[in-house]
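Hi,

Here is the structure I promised to pass on. Have a look at it first, and then read on for what turned up.

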Amino acid sequence: MSLFAEVPQAAPVAVFKLTADFREDKHPSKVNLGVGAYRTDDCQPWVLPVVRKVEQIIAADHSLNHEYLPILGLPEFRSSSSKIALGEDNPAIQENRVRLHLSFSQSCSHAGNGVSVLLPF
């Protein structure tokens, strides 16, 4: 049986409620801190100072590069995510029959977030 068979449906995403509350608020000085980018008074994107600082740190770190992962992704990620989803004792894991297809990095991020909530280690 899949690890996800008994997973309850998640509650609505709170940030969407925040956006709805923002729309309903009539205060003239309201600030939308919900989905999207922060904006200046001229409606231009405003990058948080901490983000600029980290960008500079990353740019100055010559041990980092822009090399892409292999087509199949990071082997350790594939192996670990299969074990988390199916269980290390699953026959498919034991018999090396599991194959993962990785797409959109955001979906992987969402899956990881969901697993971390459902299975706190």
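The accessible surface of the chain is about 10,800 Å², and carbon and sulfur atoms hold 60% of that; the areas come from the Shrake-Rupley method with a 1.4 Å probe, and for residues only the protein chains shown count as cover.

Two notes on how to read this. Please keep in mind that this is a predicted model, where local features need pLDDT of at least 70 and side-chain atom pairs count only at pLDDT 80 or more, while totals for chains, interfaces and linings use all residues. Numbering starts from 1 along each chain as its sequence is written, and side-chain values use heavy atoms, with hydrogens and water left out.

On confidence: pLDDT is the predictor's confidence in each residue, from 0 to 100. Its mean over the protein chain is 80, with 80% of the residues at 70 or more. Among the elements, α2 has the highest mean (94) and α5 the lowest (65).

The chain has five helices and zero strands, where helices (H or I, at least four residues) and strands (E, at least two) are DSSP runs numbered from the N terminus. Of contacts (heavy atoms within 4.5 Å) between residues at least 6 apart in sequence, 28% join residues at least 24 apart.

α2 covers residues 49-60. The number of buried residues among its 12 is zero, so α2 lies largely in the open. Its end C-alpha atoms are 17 Å apart, which agrees with the 16 Å that its 12 residues should span at 1.5 Å a residue; the expected span is 1.5 Å times one less than the number of residues.

Two loops are worth a visit. N32 sits between α1 (14-24) and α2 and is partly exposed, at 31% relative accessible area. N32 and D21 are 11 residues apart in sequence and 9.5 Å apart in space, C-alpha to C-alpha. N96, in the loop between α4 (91-94) and α5 (105-118), is exposed at 57%. The phi of N96 is near 55°, a positive value in a residue other than glycine.

Finally, K30 lies over the face of F22, 4.3 Å from the ring centre; this requires NZ of Lys or CZ of Arg within 6 Å of the ring centre and within 35 degrees of the ring normal.

Best wishes

How values were computed:
Buried means under 20% relative accessible area, exposed over 50%, partly exposed in between (1.4 Å probe, protein chains only).
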